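Okay, thanks for making time, everyone.

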Amino acid sequence: MTITIFGLGFVGLTTSLGFAEYGHTVYGVDVDRDRLAMIQAGKLPFLERGLDEALVRHLGKNFLPIGPDRLDEAITRSDCVYYCVGTPYGKDGQADLTYLFGAIDQTLEAKKDERFRVLVVKSTIPPSTTKEKVIPYLERRGLKVGEDVGVGNNPEFLREGHCWEDFMGADRIVLGVSDKKSETMLRSIYATAGVPVFCVSLNTGEFIKYLSNTLLATLISYSNEMSVIADQIGDIDVAKAFHILHLDKRWGGAPMASYVYPGCGYGGYCLPKDTNALYAVTKTAGFDPQILKNVIATNDHMPQFIARRIINAIGEDKKQCVVVLGLSFKPGSDDVRDTPSAKIIRQLMDRGYLHIVGYDPVANKEFRRRYPEFDMVFADSYQQAVSQADSIVIATAWPEFKNISSLTDKVIVDCRYMLEN
């Protein structure tokens, strides 16, 4: 099968190479010239273990990264078109579908024949979007869904830093479908995957993604709220309490510890965006979900609480050098979008702590690029960061930071509770 994929970010590039690994021919389309040039040169534009080897293996063979200028060729040859474009949320939390509808418009303009194709949304969009917004949009363009084109959604369940292994070792495939012909074509994409495939309604497909991400967001916020409560009560070993909680046999050995554990709040791209978007769409439907509302509020308030905790530990000397270890939103990734580290640094600066040094094993450059408003410096190495610090804040749980107590006797504020184990 031949497939066109719009967007070559974490999800789009992983999906492109995953489908190529299955034996399909894939055109990957991206409008970012710099990113496209890197990919065409066989280099990843971000850190993802295993994806680099897959790119080298399939580039120029059954994976063809192209710009919009070759879109006519791609759409003409394709049986399915996947959309992996950004769906950011605005101030009201609603998902912004500008990029999605722009890509659909480009698809229809490049479609020169009457051959049936399935248009598949892989971008994360709130439940009911495909049915109530995408299909009516296509119908207004004169297309009969199920006859002229098929429509579906295929949510992703990828962890940044582990995208390739999660795609190739998926535990389930979810396909939201609108008609039997589309279902048959989408099932054929995954025919060799050896993974359970669940075909559900369009709304169900979208909902499953949000069900997953909002649960993770809730677990993280619950854990963080409990750590605040523990601090307020006092004389509570937070790390030990949570590790003992993880031994509860009712969890059946599930790897819950990554989420049911306190830190600085959830960040990255998916959890903030998806939790806000589901809250917004539910409110629009007439119901104000209090758990989601408070999950978001708890996460939004964590940077202020963490900043107070840091100041209580390091003191009121505003001239001291505060080193923040960890700038990505989680270890194993260089993604700094909505990272708690940036929020904590902003809080400290707002309180007058202006001598801040940042260090991350892989994310220094990306953090500097995305947050140019921060007047701060970056250490070139872990050792350099520790040596120039008056006090140290661990904001991301990179494993290499676990030995810090043996390197220095300076004040360390462990915002990830990683040093007590």
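**Rings, cysteines and a sheet**

So, let's start with rings: there are 17 aromatic pairs in this structure. By a pair I mean rings of Phe, Tyr or Trp (the six-membered ring for Trp) with centres within 6.5 Å, where planes under 30 degrees apart are stacked, over 60 are edge-to-face, and the rest are tilted. Before I go on, the housekeeping: this is a predicted model, with local features needing pLDDT of at least 70, side-chain atom pairs counted only at pLDDT 80 or more, and totals for chains, interfaces and linings using all residues. Residues are numbered from 1 along each chain as its sequence is written, and side-chain values use heavy atoms, with hydrogens and water left out.

Take Phe 19 and Phe 167: their ring centres are 5.9 Å apart with planes at 70 degrees, so that's edge-to-face. Phe 19 is in helix α1 (residues 10–22) and Phe 167 in helix α7 (residues 163–168), so to speak a link between distant parts of the chain, 148 residues apart. Helices here are DSSP runs of H or I, at least four residues, strands are runs of E, at least two, and both are numbered from the N terminus.

Buried or exposed, for Phe 19? Buried, at a relative accessible area of 0%; the cut-offs are under 20% for buried, over 50% for exposed and partly exposed in between, with a 1.4 Å probe and protein chains only. Phe 167 counts as buried too, at 7% relative accessibility.

Phe 19 also forms an edge-to-face pair with Tyr 190, at 5.6 Å centre to centre and 75 degrees between the planes. Tyr 190 sits in the loop between α8 (180–189) and β8 (197–200) while Phe 19 is in helix α1, so this pair ties together parts 171 residues apart in sequence. Tyr 190 is buried, at 3%. Ring pairs join Phe 19, Tyr 22, Tyr 82, Phe 167 and Tyr 190 into one cluster.

Rings meet charges as well. Arg 172 has its charged end over the ring of Phe 157, 3.8 Å from the centre, and Lys 181 does that with Phe 116, at 4.3 Å. "Over" here takes NZ of Lys or CZ of Arg within 6 Å of the ring centre and within 35 degrees of the ring normal.

Now, cysteines. Cys 264 is buried, at 3% relative accessibility.

Next, the sheet. It's an open one of five strands, ordered β11-β10-β9-β12-β13, with parallel pairing; strands pair if DSSP finds at least two bridges between them. β11 (377–378) and β13 (411–414) are at the edges with a single partner strand each, so one side of each has no neighbour in the sheet. Strand β9 (residues 322–325) is joined to β12 (residues 391–394) by four bridges, and Leu 325 has Ile 394 as its bridge partner in β12.

Finally, helix α12 (residues 290–314) lies across β9, β12 and β13, at about 160 degrees to β13. Contact means heavy atoms within 4.5 Å. Axes are lines fitted to C-alpha atoms, for helices over the stretch in contact, and angles run from 0 to 180 degrees between N-to-C directions.
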